[in-house]
Amino acid sequence: MKKSVILRGVLGFPLGITIGYCITIATSLIWAGGYYSPCVPELIAIMGSEIRAVLLQALLFGLLGTGFGMASAIWEIERWSLVRQTAVYFLTASVIMLPIAYLTRWMEHTVAGFLGYFGIFALIFAIVWVAQFLRCKRSVKKLNDGLSKSKET
């Protein structure tokens, strides 16, 4: 299990950077009026230059990927219930995501900004969780149907 967690973390770093920059491209297409906006202007101001802000954000994207990659091993702890796996994964994901979102200024530094960001994070988590649950449920049904047919013959 340790090797698997470490490997997921190592592979998660470049994947986190890739996903992060795909998100910056998508958000630039939507909100930047035809320009590429690699990070929020507040982060650039705090870091003193765009390149410093981009470097920090790239590092943090990689850390997000590492953290989420390592945390994905939680879903393979078979002795835990689905409720426990979900709760521990959600808590772990929150502890990884929220400080990075705060540091990178992806959320306003107010209680309302934090609660709004957390609410969006929880909503996205719930949507992805339900989609994955339904996909797995469909796979299990397909396997069970296949087993039932093989028993009949």
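View 1. Leucine 29 sits in helix α1, which spans residues 2–31. This is a predicted model. Leucine 29 has a relative accessible area of 72%, so the residue is exposed. Ile25, Leu29, Ile30, Trp31 and Tyr36 make up a nonpolar patch on the surface. Together they present about 660 Å² of accessible area.

**View 2. Glutamine 85 and its contacts.** Helix α4 (residues 82–103) holds glutamine 85. Its relative accessible area is 7%, and the cut-off for buried is under 20%, so glutamine 85 is buried. Leaving aside residues up to four places away in sequence, glutamine 85 touches Ile74, Trp75, Glu76, Ile77, Glu78 and Trp80.

View 3. Phenylalanine 90 lies in helix α4 and phenylalanine 125 in helix α5 (residues 111–152). The pair links distant parts of the chain, 35 residues apart. Phenylalanine 125 is buried at 16% relative accessible area. Phenylalanine 90, at 22%, counts as partly exposed.

View 4. The ring centres of tryptophan 129 and phenylalanine 133 are 5.2 Å apart. Their planes meet at 5 degrees, so the pair is stacked. The two residues are four apart in helix α5, and therefore separated by about one helical turn. Both are partly exposed: tryptophan 129 has a relative accessible area of 25%, phenylalanine 133 one of 35%.

**View 5. An aromatic cluster.** Phe68, Trp75, Tyr89, Phe90, Phe114, Phe118, Phe121 and Phe125 form one cluster.

Definitions and conventions. Residues numbered from 1 in each chain as written. Predicted model: local features only at pLDDT ≥ 70, side-chain atom pairs only at ≥ 80, totals over all residues. Heavy atoms only, no water. Buried < 20%, exposed > 50% of the residue type's maximum accessible area, 1.4 Å probe, protein only. Contact = heavy atoms within 4.5 Å. Patch = residues over 30% accessible without salt bridge, like charges linked within 9 Å, V, L, I, M, F, W, Y side chains within 5 Å. Areas by Shrake-Rupley, 256 points an atom, 1.4 Å probe, with all protein chains shown as cover. Salt bridge = Lys/Arg side-chain N within 4 Å of Asp/Glu carboxyl O. Phe/Tyr/Trp six-rings, centres within 6.5 Å; stacked < 30°, edge-to-face > 60°.
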